[in-house]
Amino acid sequence: MKRQIIWLAAFALSLSSCSNKQTNEGDTEALERKEQGKVLEEEKISSLYGSNGELLESDKIVAGLRLPTTLKLVRDEERRHIYESPAPLTALHEYFGKRLLTGVVERRGQSVTFEAAVPKGIRGGVVKLDVWIQPINQSRNRIEIVERRPMPEKPMSDNQVRTLLKKEQEYIQ
């Protein structure tokens, strides 16, 4: 009987030490996964920002304006492009401010609008852009780029103006 009790006690001790090892191993695995997630997040962030902390340029271009890597396309229409980005507003303001030439920059709260802007360094046919940068929520921002219609070489006739206005009214409705 004494032997059975000693064996049971030894068995119980061995089980408890195994369960502690499993718990410790589980904790270690959880910590490793958490650290790995942090490393991946840091790599993702470093792939979006240059060594100077600025947003990196992507290979996407809209009307001569090279877009940052953080933009995700939400809607793409004729002459209107809408993106979202997790990048901070200040980083987006800096990025577009350095790449656009305009005399009209309007600030309303945290939103910024670059009106009739022309991308720097563009050659050939120049398309003026209206670029709006505005917060959606704490972690996302909206960037809308509208390409302004170029001025026609010949003035439009009255009939052409009426037809154009009619099309735009139909589009709005």
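User: Which residues does phenylalanine 96 touch, not counting residues up to four places away in sequence?
Analyst: This is a predicted model. In it, phenylalanine 96 is buried. Leaving aside residues up to four places away in sequence, the residues that phenylalanine 96 touches are Leu65, Leu67, Pro68, Leu71, Phe114, Val131, Ile133 and Ile143.

User: Which element gives the most residues to the largest nonpolar core?
Analyst: The core has 21 residues, and Phe96, Val131, Ile143 and Ile145 touch the most other members. Two or more residues come from each of strand E2 (65-68), helix H2 (89-99), strand E7 (111-119), strand E8 (129-135) and strand E9 (141-147). The element that gives the most, with 5 residues, is H2.

User: What is the geometry of the aromatic pair formed by tyrosine 95 and phenylalanine 96?
Analyst: A search of the whole structure finds 1 aromatic pair. Tyrosine 95 and phenylalanine 96 form this pair, with 5.3 Å centre to centre and 80 degrees between the planes. Planes over 60 degrees apart count as edge-to-face. The geometry of this pair is therefore edge-to-face.

User: How far from the centre of the ring of tyrosine 95 is the charged end of arginine 99?
Analyst: Tyrosine 95 is buried. At 17% relative accessibility, arginine 99 also counts as buried. The charged end of arginine 99 sits over the ring of tyrosine 95, and its distance from the ring centre is 3.7 Å.

User: How many residues apart in sequence are the parts that glutamate 57 and arginine 99 tie together?
Analyst: Glutamate 57 forms a salt bridge with arginine 99, and the closest N and O atoms are 3.1 Å apart. Glutamate 57 counts as partly exposed at 42% relative accessibility. Because glutamate 57 lies in strand E1 (residues 57-62) and arginine 99 in helix H2, the pair ties together parts whose separation in sequence is 42 residues.

User: Which residues do salt bridges that share partners join into one network?
Analyst: The structure holds 11 salt bridges. One of them is formed by glutamate 77 with arginine 80, the closest N and O atoms being 3.4 Å apart. Glutamate 77 is partly exposed at 25%, and arginine 80 is partly exposed at 23%. The network joined through shared partners is made of Arg75, Glu77, Arg80, Arg142 and Glu144.

User: How far apart in space are threonine 70 and leucine 56, C-alpha to C-alpha?
Analyst: Threonine 70 is found in the loop between E2 and strand E3 (72-77), and is buried with a relative accessible area of 7%. Beyond four places away in sequence, threonine 70 touches residues including Leu48, Leu55, Glu84 and Leu92. Threonine 70 and leucine 56 are 14 residues apart in sequence, and their C-alpha to C-alpha distance is 8.2 Å.

Notes. Residues numbered from 1 in each chain as written. Predicted model: local features only at pLDDT ≥ 70, side-chain atom pairs only at ≥ 80, totals over all residues. Heavy atoms only, no water. Phe/Tyr/Trp six-rings, centres within 6.5 Å; stacked < 30°, edge-to-face > 60°. Buried < 20%, exposed > 50% of the residue type's maximum accessible area, 1.4 Å probe, protein only. Lys NZ or Arg CZ within 6 Å of the ring centre and 35° of its normal. Core = buried A, V, L, I, M, F, W, Y, C linked by side-chain atoms within 4.5 Å. Helix = DSSP H or I, 4+ residues; strand = E, 2+ residues; numbered from the N terminus. Contact = heavy atoms within 4.5 Å. Salt bridge = Lys/Arg side-chain N within 4 Å of Asp/Glu carboxyl O.
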